[in-house]
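This report looks at pockets and charged pairs. The model comes first, then the notes.

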Amino acid sequence: MKGWVTVDTLVLPKMGQDPTQCEDAVAVRTTERAVVVAVADGATEAAYSRAWAQELVQAASNLEEAGKLVEAVRQAQVPFSTRLEASQTDLPWYVAQKAQQGAYAALLRLRVKKHIDLDAGEEIGRGGAWHAEAVGDVTLFHLRASRLLRAWPNALPSDFGTRPDLIHSGAAGSLDRVQQLHGAWQPGDSLCLGTDAIAAHLLAGADRAVRFAARPRGDWATVIGKARAEGMKNDDVAFVRLTFEQP
């Protein structure tokens, strides 16, 4: 989106796996005045989590309004459950049994917009607003002037446990635990979204998030590979960076 925001994305499978096995997913939808980004992290223990993560990010990114994460999930659950049930016809019993348990994923949806005078259709002021909704441990980073302003909904490496809230493909059990946050961006800021492994890694070191977000997109996979070799959790990675351009 030349002129006010640049969006860079990375989806990287676990070390030793190929992209078709990656259970993290990203979707980005852009208009002249707004960007919607959705990042999901499928739970490895469940069947069809890759497909469910992809379904969630598409549904979440297609909704224009902020505060509509529950609506997006509801729209995704019914058709996904129908397809999942239909796919079980020719499966071995043990695979079908696993599929009947459904799929799970964490999800974060971010909507950013420019300050606009809706009557005149003109930009007013500098910067704009953002609104985030999350279930689980996908994390939002807001960076400004080479410092981390906020990490949400997880701010410390210890916040990443083994049982995060997850969205089930066939039930609304986690939807009452949707967290929401809003803020404002300025030209030069960055908003980044990362799934649990990369988010925990970036929060574990002083200024690590700032330094990673400042790197060219082409360096990210190399940096993550080195971090894995040095002890970062070997898990799928999804990372998105929105950079708000200086006038």
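## The second largest pocket

This is a predicted model. Its second largest pocket is lined by Ile198, His201, Leu202, Arg208, Arg211, Phe212, Arg215, Val223, Ile224, Lys226, Ala227 and Glu230. The volume of this pocket is about 240 Å³.

Three helices each supply at least two residues of the lining: helix 4, helix 5 (208-214) and helix 6. Helix 6 gives the most, with four residues. Sorted by class, the lining of the second largest pocket holds six nonpolar, one polar and five charged residues.

## The largest pocket

The largest pocket holds about 690 Å³ of space. Its lining has 29 residues, and Ala43, Glu45, Thr162, Pro164 and Asp196 lie nearest the centre.

Strand 3 (34-42), strand 4 (104-117) and helix 4 (196-203) each supply at least two lining residues here. Helix 4 gives the most to the largest pocket, with four. Helix 4 also supplies at least two residues to the second largest pocket. By class, the lining of the largest pocket counts 10 nonpolar, eight polar and 11 charged residues.

## A salt-bridge network

The model has 12 salt bridges. Lys14, Asp196, Lys233, Asp235 and Asp236 are linked in a network of them. Asp196 is also among the residues nearest the centre of the largest pocket.

Aspartate 189 and arginine 144 form a salt bridge at 2.8 Å, N to O. This pair links distant parts of the chain, 45 residues apart. Aspartate 189 is in the loop between strand 9 (179-185) and strand 10 (190-194), while arginine 144 is in strand 6 (residues 139-144). Are the two partners buried or partly exposed? Aspartate 189 has a relative accessible area of 1%, so this residue is buried. Arginine 144 is partly exposed, because its relative accessible area is 21% and buried means under 20%.

Lysine 68 pairs with glutamate 71, with the closest N and O atoms 3.8 Å apart. A salt bridge requires these atoms to be within 4 Å, so the pair counts. Lysine 68 is partly exposed at 26% relative accessibility. Glutamate 71 is partly exposed too, at 33%.

Terms used
Residues are numbered from 1 along each chain as its sequence is written. This is a predicted model: local features need pLDDT of at least 70, side-chain atom pairs count only at pLDDT 80 or more; totals for chains, interfaces and linings use all residues. Side-chain values use heavy atoms; hydrogens and water are left out. A salt bridge is a side-chain nitrogen of Lys or Arg within 4 Å of a carboxyl oxygen of Asp or Glu. Buried means under 20% relative accessible area, exposed over 50%, partly exposed in between (1.4 Å probe, protein chains only). On a 1 Å grid over the protein atoms alone, a cavity is a set of points where a 1.4 Å probe fits but cannot get out, and a pocket is an open set with protein on both sides within 12 Å along at least five of seven lines; lining residues have an atom within 4 Å of a point. Grid points are joined across faces, edges and corners, and a volume is the space filled by probe spheres set on the points. Ala, Val, Leu, Ile, Met, Phe, Trp, Tyr, Cys and Pro count as nonpolar, Asp, Glu, Lys and Arg as charged, and the others, Gly among them, as polar.
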